[in-house]
Amino acid sequence: MILRFKENSRYSLGIRISDDHMDVMLFNLYCEIIDRKRYSYEEGTAFESIITLLEQATEEMLLANKVNKANLLGIGIVVPGLVDEKQLLLISAPNLGVANYAFEPLMTRLGVPVYIENDANAAAYAELLIGN
């Protein structure tokens with residue numbers, strides 16, 4: 001008997017934050033990109049404003065693709081900075097002008113698991129798992 005995932009039964013969001021834009025991607029269980037959108041902002045935008053945009057972008061992406069939040073496994077956020085993944089803490093991100101930012105309150109507001117990682121580490125891990 002061959003078992004397969006029902007690829008569109010659950011989803012995850014990947015969000016990459018940079019100094020002047022944020023990329024938001026919706027994935028199914030086969031790591032296929034279902035949708036993607038880029039949100040631009042001015043370099044030097046306050047990090048709290050970027051987080052507010054992230055919350056809005058999350059809701060927009062789910063609504064546009066008719067994904068119920070109950071079917072969202074979690075949100076992975078990558079940032080160009082030093083992170084403590086276990087504590088959900090962005091220790092330092094000089095390019096974003098932020099230090100000691102806790103993602104725990106964001107996770108509470110969104111109501112889904114949130115994971116953070118350094119952007120270079122996340123890129124290397126993705127390359128290892130799924131290739132180019």
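Biologist: How many bridges join β1 to β4, and in which sense do the two strands run?

Modeller: Strands (E, at least two residues) and helices (H or I, at least four) are DSSP runs numbered from the N terminus, and two strands pair if DSSP finds at least two bridges between them. In this predicted model, local features need pLDDT of at least 70 and side-chain atom pairs count only at pLDDT 80 or more, while totals for chains, interfaces and linings use all residues. Residues are numbered from 1 along each chain as its sequence is written, and side-chain values use heavy atoms, with hydrogens and water left out. Here β1 and β4 run parallel and are joined by six bridges. Tyrosine 11 stands opposite leucine 72 of β4, and glycine 14 has glycine 76, also in β4, as its bridge partner.

Biologist: In which sense do β4 and β8 pair, and over how many bridges?

Modeller: The pairing of β4 with β8 is parallel and extends over five bridges.

Biologist: What is the order of the strands in the open sheet?

Modeller: The open sheet has five strands in the order β3-β2-β1-β4-β8, and its pairing is mixed. β3 and β8 are the edge strands, each pairing on one side only. On average, neighbouring strands of this sheet are turned by 15° against each other, direction ignored. Helix α3 packs on the sheet and touches β4 and β8 (contact: heavy atoms within 4.5 Å). The direction of α3 makes about 100° with that of β8, where axes are lines fitted to C-alpha atoms, for helices over the stretch in contact, and angles run from 0 to 180 degrees between N-to-C directions.

Biologist: How many residues of β4 are buried?

Modeller: Burial is read from relative accessible area: under 20% is buried, over 50% exposed, and partly exposed in between (1.4 Å probe, protein chains only). Six of the eight residues of β4 are buried, so this strand is largely enclosed by the rest of the structure.

Biologist: Which residues does threonine 58 touch?

Modeller: Threonine 58 belongs to helix α1 and is buried, at 1% relative accessibility. Leaving aside residues up to four places away in sequence, threonine 58 touches Leu13, Ile15, Ile75 and Leu110.

Biologist: Which residues are closest to the centre of the largest pocket?

Modeller: A pocket is an open set of points on a 1 Å grid over the protein atoms alone where a 1.4 Å probe fits, with protein on both sides within 12 Å along at least five of seven lines; lining residues have an atom within 4 Å of a point. The volume is the space filled by probe spheres set on the points, which are joined across faces, edges and corners. The largest pocket holds about 1100 Å³ of space. Of its 34 lining residues, Gly14, Phe27, Ala122, Ala126 and Ile130 are the closest to the centre. The lining takes at least two residues from each of β1, β2, β3, β4, β8 and α3, and the largest share, nine residues, comes from α3.
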